[in-house]
Amino acid sequence: MRYLTAGESHGKQLTTIIEGIPSKLNLVKEDINHSLIRRQGGYGRGRRMKIEKDLVEIMSGVRHGYTLGSPVSLVITNDDFIHWTDIMGEVPIDESAKVRRQITKPRPGHADLNGALKYDHRDMRNVLERSSARETAARVAAGAVAKKILKEVGIEIIGYVKQIYQVQAEDQHHLSMQDKIKRSNESPVRSLDKKQEQSMMDAIDQAKKDGDSIGGVVEVYVEGVPAGLGSHVHFDRKLDSRIAGSVVSINAFKGVEFGIGFEAANKRGSETHDEIAYDNEKGYYRLTNRLGGFEGGMTTGMPIVVKGVMKPIPTLYKPLNSVDIDTKEPFQASIERSDSCAVPAASVVMEHIVAWELANAILEQFTSDTIDQLKEEIEKHRERIRQF
Ligand SMILES: Cc1cc2nc3c(=O)[nH]c(=O)nc-3n(C[C@H](O)[C@H](O)[C@H](O)COP(=O)(O)O)c2cc1C
Ligand SMILES: C=C(O[C@@H]1CC(C(=O)O)=C[C@@H](OP(=O)(O)O)[C@H]1O)C(=O)O
């Protein structure tokens, strides 16, 4: 399976084209809209999210509620575009108007300057419109389709917030999957730890009041994954590395951890590795899950636990020093609107990005022209490893 996205933040629409989905997967737009609505929410977002009402239109590849096996194309309209038709329209405008509207002041921490240098854009709007995390709506749409495939084969996935700025949530791995999903969806900051919810919101309020921004840590938890997805035989087939690359591709994500992650540096082998046990009913299993469900680039059959760290949003109300690319004079960047913290929203993005990588690995590994074929193959695989 593969997908492409297209679209600018204030352009007409976002487009996602997915190729390689098995036929006969039940898919209706409500499945995708549910994910899009979740991504839009979360405490700390700016005014833009009040303008947009992300709803998808399925443009091809689905008939009477089922996929055909042909490419599925999805469209999300940008409601804000009507306010930006002259700035973002495709028709040429006169040179003086163009120059007047040029953005020449790069924001530290955003793609503005590097993109301008690389693509030779004197108007940095040509960079920031595409580098905006608006694009993550298109990726969540693809991930929502991936989640449907995972569900068909008994895999459930949820993303939630582990930390906002210096406020850390306690581990809630003991909760059932259904409770994790429920709590994450009910919480304004998408945290499973109710005790820390208010402190997280306070941290966001304080950052906003100070004209500043904050980041945090997101965790994605996956249950029902069979052992043996991915491969040890070649570097680019290691599933943990594919997930890691994909997580860091999310705007503002700067690091990834599986299980205890960086904490392993402080531990001995005996405190790190997950001892192996066997049970007639469930087959091989681990006494702990410190490594977060991966060994040798393959799933162990234990839940996947992966974290991503998001840096603070780069656009600040409090000015940062930068240089105007026309005048070469220093200036202090200041803006009209931005999110102060997008970690809760990003937890939904990361969930869908991990879902995509897992579904993709499954479709690569098992015969899957139709969804029934895939289900049969996975069941055979589960049975084989149970009896191994
Ligand atoms: C859901 C989400 C919302 C974001 N909102 C903003 C925002 O309002 N303002 C901003 O400057 N950056 C925002 N970002 C982060 C920037 O898009 C990101 O920092 C930028 O593209 C540069 O890429 P890099 O940080 O990965 O290097 C957001 C990121 C995510 C995931
Ligand atoms: C539009 C979304 O997020 C945007 C991501 C973003 C950025 O620079 O990444 C900047 C802001 O956009 P604007 O230019 O309208 O102020 C956010 O609102 C979205 O998530 O749908």
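By class, I sorted the shell around ligand 1 into 10 nonpolar, 8 polar and 1 charged residues (Ala, Val, Leu, Ile, Met, Phe, Trp, Tyr, Cys and Pro count as nonpolar, Asp, Glu, Lys and Arg as charged, and the others, Gly among them, as polar). The model is predicted: local features need pLDDT of at least 70 and side-chain atom pairs count only at pLDDT 80 or more, while totals for chains, interfaces and linings use all residues. Residues are numbered from 1 along each chain as its sequence is written, and chains are lettered from A and ligands numbered from 1 in the order in which they are written.

**Entry 1: ligand 1.** I found 19 residues around ligand 1, the closest being Ala133, Asn251, Thr315, Asp339 and Ala342 (near: the C-beta atom, placed from the backbone, lies within 6 Å). Helix α11 (residues 343-365) gives the largest share of this shell, 3 residues (helices are DSSP runs of H or I, at least four residues, and strands runs of E, at least two, numbered from the N terminus).

**Entry 2: helix α1.** I looked up the buried residues of α1, which are Ile32, Ser35, Leu36, Arg38 and Arg39 (buried: 20 or more other C-beta atoms within 10 Å of its own; exposed: 12 or fewer; partly exposed in between; C-beta atoms are placed from the backbone). They cover an arc of only 160° around the axis, which puts them on the same side of α1 (the arc is that of the directions from the helix axis to the C-beta atoms). The face turned away from the buried side of α1 carries the exposed residues Glu30 and His34. Just after α1, Gly42 takes a positive phi of about 100°.

Entry 3: I noted 5 bridges joining β1 (residues 2-6) to β2 in antiparallel fashion (strands pair if DSSP finds at least two bridges between them). Arg2 has Glu19 of β2 as its bridge partner. β2 also pairs with β6, antiparallel, over 6 bridges, where Ile17 is the bridge partner of Ser73 in β6. The covered face of β2 (residues 13-19) holds Leu14, Thr16 and Ile18, and its uncovered face Gln13, Thr15, Ile17 and Glu19.

**Entry 4: two positive phi values.** Most residues other than glycine have a negative phi. Tyr165, not a glycine, has a positive phi of about 50° and lies in the loop between β7 (156-164) and β8 (167-168). I recorded Tyr165 as buried because it has 20 C-beta neighbours inside 10 Å. Lys328 has a positive phi near 65°, in the loop between β16 (320-323) and β17 (330-333). Lys328 counts as exposed because it has 7 C-beta neighbours inside 10 Å.
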